[in-house]
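Open the model in your viewer and keep the selection panel at hand. The tour takes the chain interface, then a pair of helices.

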Amino acid sequence: MPLSTPTIDLGDFCLRAWRMSDAEARARHGNHPKIIRYMFDSFGSPHTVEKAREFIEKSFAHDKSLRFCISVDEEAVGSLFLHVGEDVNRYSAEVGYWLGLEHWGKGIMTRALKTAVRVGFDNHGLRRIHATLDPENRRSAQVLKRAGFKLEGRLKHAVCRDGRFIDDLIYALVSTNRPDI
Amino acid sequence: MEKLTNTCDLAPWKMEYARELAEIANNLKVKRYLRDAFPHPYALKDAQDFIAKALKAEDGFYFCIQAGGNLTGSISVRPRADVERFSGEIGYFIAEEYWGRGIATEAIRAMTHIAIKQYGLHRLFALIDAPNQASARACEKAGYTFEARLKDAVFKNDQFYDQMIYAFVDSND
């Protein structure tokens, strides 16, 4: 079942579907070493306009994922997705996100995550949402904690970057344990 | 085939094992902690489809577990992608009549060795339903370490279960 992407106005920013015309803004905000270092290799280093187009194209796919553009004054400044699992994991989703540096420190990411959690639990019947992150990514860990996520474990050498093995931390939030937000 | 174990051997799948596979797989006790996609009843056609997939090996590598000339189970590793490409998920099942003989432990140990030496993986992990203690014990005996308990990650038989991650990381790097 394809999920449709709602538009959610949160005052100083919006969560909405991606548009092809977002490619240049996406590349401008996403192409920063502080973002790229925590992304998949397929994100691209650099994250070019061409790469941005590929991702936006993919976001139009009719699958079980929910892919939001984070936009400020109609400009794409970040990204947030929920990838829903399959088979016995079908009530579980992985969340991932990034935000352009010039919008850090305004609480945008925390509010975006809390909103995505609400949509995932209330509109899509999810039971569990989890995120994996680099142990050095303390900023992201703070965002997860503020949204009520709990650390579940450390996955040894789960990731290989630049020929080096690093651990992944896994954080999760379950709908029956959700904080009042 | 390299001799890695005492109690069982890992061997490549052959289409001629389909009948035996259908016999051992057609068992709700075997299916209990496997994915919903694992068929039940498990017909000869299901066995043939599985072996065809195993032989193509598009999403991973698949071996059958044999003991004393009999098919006793199935084991596979599916590597992940991108920055997780040196990490693979191990999955397996043992025929009910061979439970309790340490075959799973031996098969996991052998498969882990093959995954690292032959396929160049660095990390193997198993996702185990929390009530499946036999499987968790087999992983522990094979040298795997408990890493995380994923709250309510699995929905099966009309209820949510936690899923446990056990992992083995190659120390020779």
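Select Asp152(B) and Arg127(A). They form a salt bridge, with the closest N and O atoms 2.8 Å apart. The term covers a side-chain nitrogen of Lys or Arg within 4 Å of a carboxyl oxygen of Asp or Glu. Chain B and chain A have three salt bridges between them.

This is a predicted model: local features need pLDDT of at least 70, side-chain atom pairs count only at pLDDT 80 or more, and totals for chains, interfaces and linings use all residues. Residues are numbered from 1 along each chain as its sequence is written, chains are lettered from A and ligands numbered from 1 in the order written, and side-chain values use heavy atoms, without hydrogens and water.

Now show the whole interface. Here 28 residues of chain B are in contact (heavy atoms within 4.5 Å) with 29 residues of chain A. The two chains bury about 2400 Å² between them, 55% of it on carbon and sulfur atoms. Buried area is the accessible area (1.4 Å probe) lost on putting two parts together, summed over both. Pick Arg35(B), Asp82(B) and Val83(B): they supply 23% of the area chain B buries against chain A, more than any other three residues.

Move to chain A. Select helices H1 (23-30) and H3 (49-59); helices are DSSP runs of H or I, at least four residues, numbered from the N terminus. They pack at about 115°, axes 8 Å apart. Axes are lines fitted to C-alpha atoms over the stretch in contact, and angles run from 0 to 180 degrees between N-to-C directions. Zoom in on the contact: Ala23(A), Glu24(A), Arg26(A) and Ala27(A) meet Val49(A), Ala52(A), Arg53(A), Phe55(A) and Ile56(A).

Definitions and conventions:
Helix = DSSP H or I, 4+ residues; strand = E, 2+ residues; numbered from the N terminus.
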